[in-house]
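Biologist: I would like to learn how to read the fold of a model like this one. Could you walk me through it?

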Amino acid sequence: MQIVVLVKPVPDPAAGGERLGADGRLDRAATPAVVNANDEYALEAALKLVEAHGGEVTIVSMAPSNGPETMRKALAMGAHRGIHVTDDALAGSDHVSTARVLAAALKDLEYDLVLAGADTSDGLAGVVPAGVAALLRLPYLSYAAKIEPDTDAGRVRVRRISPTGYDVLEAPMPALVVCTQALGEPRYPSLKGIMAARSKEIAAKALSDIGVDAASVGGAVATTKVLGSTAPPPRAATRVVREPPDVAAREVVEFLAQRRIV
Amino acid sequence: MLRDAVRVLADEQIARRAAEIDKTAEFPWDVKELLASHDILGLPFPTQYGGLGGELLTICLAIEQISRVCATSGLILAVQELGALPLLLAGSDEQKERWLPDLAAGRTLIAFALTEAEAGSDASATRTRARRDGDDWVIDGSKRFISQGSVADLITVFAVTTDDSDVPRHKRLTCFIVEKDTAGFGVERIEHKMGIRGSPTAELSFRGARVPDSHRVGAEGDGFRIAMRTLDRSRPGIAAQAVGIAQGALEVAAAYANERKQFGKPIAEFQMIAAMLADMDAAIEAARQLLYKACTEIESGAADAARWSAMCKLVAGDTAMRVTTDAVQVLGGYGYIDEFPVERMMRDAKITQLYEGTQQIQRLVIARALVPK
């Protein structure tokens, strides 16, 4: 089976210090990036599926020109090839633009499943996969804890985490599945994988290559606007409870109750 | 990415073994298995033989990261490359098919036997002889200071193959592969060393050791050239080991200086200590950048590869010695005892000034390009 995973390079939390541009948006070219953690879970799920059912995994990223540096890590984990949508006109894109661009990039691909992470550690909106599914009219299966494709029947069954347990959803393929961490820890790239990733193809696509009008995306048409940004206040003094468990539990509950949190 | 992967492995699985390896002076078979299972020993070998096809720079990045926590462990990869280089550079396809897949997978180890008791810096003074006997060669002599000579499955041996005194000294040597179970081959003794104590340094003897002509690597009389070309490519590995040792020592010294309080503040806040740490960091970075540059020059086939390889080993070895000595100084009395790793690193660093050509030989090689004959 053919699986596409949506992979976003996000600021490296270990590098510390994101650089913001004059417009208050993240200067992605100047900030060290890593693969969005939730996307790694989606990629791990995809790799396990092709290991079990055969097939290949293609990653698709919309990112500035330094995107391939981060995409290589996903290729080192085992993805077969990458598609890198990059265009100066994409600067300042909001979630709507992003969904539009990714949907356009997917149009030329053949796939049974599109997998995406639940959200990204920089944007946090969690709406792009739903947007892509809507634009492509794909069945949208969210918060998957288990993915069971039936390639003969051309259908996929997903266990969706719900507030009370699981919902079992089934849909015809191709379909878009939003993955959760319940699918299993992402693997570390092996040395063999790292060396092999160097020669894997990352195809660069401009907006004109995927048939998107540059005027329809980017900062100028963004539906959201950054009004300002401030660093979170430093953490206030921490109170550590070191009593035995039964006493400590009572103290913690009392503390929360005083603040009407419980 | 590869460097980070090796660093994580070194930090999580090799670092905690380093002190014990040094203390027991036993070859760390578990670390060798670890390196093999992560394909690290496959780095120097072409993909067609099951290796990873790593460039010199990639191999050196791996040696550096492993040596940062354990110089003996870093040497396992460096020696695997050193011993295999004659095969890689001059071996026939048949020889490569036969030996490289097991070496790349880390199923077998290989050692490089050039040095003799009376032929150290002057390799052309080799006395070990190989005499033609029908389709075979019969090797007699002994080799000294052979890293991992007692644990290797294959030995790359250099022996004199001509009695003709008209043949120039550097055209008398031929290279052979000797398998460890060859009759007449033996390990005479293991040296007791100051550093890299887990890496057994052996004296090897050849008493009528008989190998078929198919074990001859390269042409007759080509051995000296093969050995020199091998060293051009392997010396950066030793430079990488040296840079790694130095980096490891700096990290220990910096962490210690930030924690250790005297006169009411961390000693890192005293300018004399801070300056030492700064000098160590700057010296390491300079050595590292020279090493990386040397790797890319040698990989691209630079005509002065010997110069690059000698320069990076010279600078990195001296840097490692100075930095580890200073690291011991930063730790004071604690640096001198085995509770902290810097005394081990200082002992380990010394070898990088000695093997694969002493620092004096490196200078000789570098100067050769400056002094017209």
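**Reading the fold**

Modeller: Gladly! Of the 262 residues in chain A, 37% count as buried. Keep in mind that this is a predicted model. Chain A has 6 helices and 11 strands.

Biologist: What is the order of the strands in the open sheet of 9 strands?

Modeller: Here is the general idea to start with. Strands of a sheet pair through backbone hydrogen bonds, either parallel or antiparallel. In chain A the order is β9-β8-β7-β10-β6-β1-β4-β5-β11, and the pairing is mixed. The edge strands, β9 (165–172) and β11 (202–205) of chain A, each pair on one side only. On average, neighbouring strands of this sheet are turned by 30 degrees against each other, direction ignored.

Biologist: In which sense do β1 and β6 of chain A pair?

Modeller: Strand β1 (residues 2–6) and strand β6 (residues 113–117) of chain A pair in the parallel sense, over 3 bridges. A:Ile3 has A:Leu113 in β6(A) as its bridge partner.

Biologist: Which strands does α4(A) lie across?

Modeller: Helix α4(A) lies across β1, β6, β7 (140–150) and β10 (175–179) of chain A, and runs at about 175 degrees to β10(A).

Biologist: At roughly what angle do the axes of α3 and α4 of chain A cross?

Modeller: The axes of α3 (residues 95–107) and α4 (residues 128–136) of chain A come within 8 Å and cross at roughly 50 degrees. That angle is why α3(A) is oblique to α4(A). The crossing is right-handed. Among the residues making the contact are A:Leu102 and A:Leu106 of α3(A) and A:Val132 and A:Leu135 of α4(A). The contact residues divide into 9 nonpolar, 3 polar and 1 charged.

Definitions and conventions. Residues numbered from 1 in each chain as written. Chains lettered and ligands numbered in written order. Predicted model: local features only at pLDDT ≥ 70, side-chain atom pairs only at ≥ 80, totals over all residues. Axes fitted to C-alpha atoms, helices over the stretch in contact; angles between N-to-C directions. Helix = DSSP H or I, 4+ residues; strand = E, 2+ residues; numbered from the N terminus. Parallel < 35°, antiparallel > 145°, perpendicular 65-115°, else oblique. Left-handed = near helix turned anticlockwise from the far one by under 90°. Contact = placed C-beta atoms within 7 Å. Nonpolar A, V, L, I, M, F, W, Y, C, P; charged D, E, K, R; others polar. Buried ≥ 20, exposed ≤ 12 C-beta atoms within 10 Å, placed from the backbone. Pairing = 2+ DSSP bridges.
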